[in-house]
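User: I am new to this structure. Could you walk me through some of its parts?
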Amino acid sequence: MEILVGSQQMKQCDRNTIEHFGVPSLVLMERAALGVVDEIERLFGQEKSQERASHSILVVCGLGNNGGDGLAIGRMLWQKGYDVVLVMPPNREKASAETRKQMEILGNYGVPIGHAIPKKEFWAVVDALFGIGLGRDLEGIYQDYIVDMNQKEGWKVAVDIPSGIHADTGQVMGIGFRAELTVTFAFAKSGLVLYPGAEYAGEVRVKQIGIDRHSFLTESPNLYLTKAECLARIPRRQKDSNKGTYGKVLTVAGSRNMAGAAFLSAKASYRTGAGLVKILTEESNRVILQQLLPEAILATYEALDDEGEEAYDINSSLNSSQLPMVKDVKNIFPNLSELLHWASAVTIGPGLGTGEEAKFLVESVLKTANVPVILDADGLNILSERLEWLKEVKAPVILTPHLGEMARLTKTPILAIKEKILQAARSFAAEYNVICILKDARTVTALPNQQAYINATGNNGMATAGSGDVLTGILAGLIAQGMEPTEAAPLGVCLHGVAADCQASQIAPHAMMAQDILAGISSAYHSGSYGRLAPVNHNQEK
């Protein structure tokens, strides 16, 4: 998995490299500049013309070290024969020491640095105004620079991060430079992969400049990017095995007129590799599920209300002490303890409804299950007014909220969560000692210990009903096969995205459905991305 960092962690790694290991700051700056020049030369190689002098490049530099990188980039390109135009704000006495040194070097070569961006087009525009330290909205001359740069034609290249993009959250601070290529140093920054920053960054290339894992010193990385190649961590299946080897999933899902969610989740567990799947659902779903998924084992119950489940008011004052007021609800599930004991992993929530039976099931599963539980959909809606249940769990719990469900869980506006999605997931995971998979265009998986993962797989075709039900089934399928929940959670999200990506070449995003993602699970495994070997558990039931 690829390491990601935020601004403060990157700054500390930079300081550690300079102060602890003794690598001069100017050496790091020169290496960074060389990395960007290499990428610009790569772009030049795509052009038919081999005359560098005919390729005019605009490099706009700030006063901090990012500007120093830009000045060094301009010098190196000028030395290679490119027509380079350097631009920098007028208050240059405020420049950092390293940037002043780069100005001095350019002066020695006789290369001028202007104040205004020329009114002409360039083959490439290089943004070196601000690096990862920007924490305020851009205004004044800097805003004017970026407006002008964005309007230019030609290749747009950002140095380390597009100016105006927050390095931690990816949010746009007033205005942002729209790059086609971002060359970043040492590690990718979280703001480059979270939206909207990812859209402004374009293609991201990470260049090594002498800052690596050693620069963390006694600390450890705690943020990672998951890509398709991460599926190599999923265990391969063994020749000497049987269905018991690959575990048993209990899918508690589906209510009257909601059989589809149970089907999608259960089939996803099978497609992911679980040996057995049992669905606990309302009796009216029996025939439908037997036809849709004959491989599944069914355990059904009769709903209390023949007219349909009761409406659930998310703002009601109902608490867990009031739940047993319907005495019959416990009698509906006499074998629940036996079912939970049977399972290797439990999913609960997809299509479950929010009636009394659903509330009883969610509370009972959370408080009594001794195997990992994945809670989704209606299970999250029920939990949103009963978060104290999470303090009584006996086994690992994975929550998979989308932004709306997270808003209900945390009583926080959706926009506030989206703007700080990484922080929101981490805070919830730590407070309730759960694994939080916060779903969005870039899904974040946060562990209770603050370790987190941002997923880079998937596409907008996944924004369709039932997609989340497939994810819960995938997670349960991986855990049933023996993976630890802390590893299965980010890899399940990754597999979910790869499955959709495998289908994207055949199915337009507008037309993609949850069943297409299901079909893509097999394609994801066939893609050759997975799997490391794992020992066979011969003690599993045959």
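This is a predicted model: local features need pLDDT of at least 70, side-chain atom pairs count only at pLDDT 80 or more; totals for chains, interfaces and linings use all residues.

User: What order do the strands of the open sheet have?
Analyst: The open sheet has 12 strands in the order 8-1-10-19-18-17-16-15-14-11-12-13, and the pairing is mixed.

User: And which strands are at the edges?
Analyst: Strand 8 (188–189) and strand 13 (297–301) are the edge strands, each pairing on one side only.

User: In what sense do strand 11 and strand 12 pair?
Analyst: Strand 11, residues 248–252, pairs with strand 12, residues 276–282, in the parallel sense, over five bridges. Within this pairing, lysine 248 stands opposite leucine 276 of strand 12.

User: Which strands does helix 8 lie across?
Analyst: Helix 8, residues 259–272, lies across strand 11, strand 12 and strand 14 (345–348). Relative to strand 12, helix 8 runs at about 170 degrees.

User: Changing topic: how many disulfides are there?
Analyst: A search of the whole structure finds zero. Cysteine 13, for instance, is in no disulfide, and the nearest cysteine sulfur, in cysteine 230, is 20 Å away.

User: Is cysteine 13 buried or exposed?
Analyst: Cysteine 13 counts as buried because its relative accessibility is 2%, and the cut-off for buried is under 20%.

Conventions: Residues are numbered from 1 along each chain as its sequence is written. Side-chain values use heavy atoms; hydrogens and water are left out. Two strands pair if DSSP finds at least two bridges between them. Helices (H or I, at least four residues) and strands (E, at least two) are DSSP runs, numbered from the N terminus. Contact means heavy atoms within 4.5 Å. Axes are lines fitted to C-alpha atoms, for helices over the stretch in contact, and angles run from 0 to 180 degrees between N-to-C directions. A disulfide is a pair of cysteine sulfur atoms within 2.5 Å. Buried means under 20% relative accessible area, exposed over 50%, partly exposed in between (1.4 Å probe, protein chains only).
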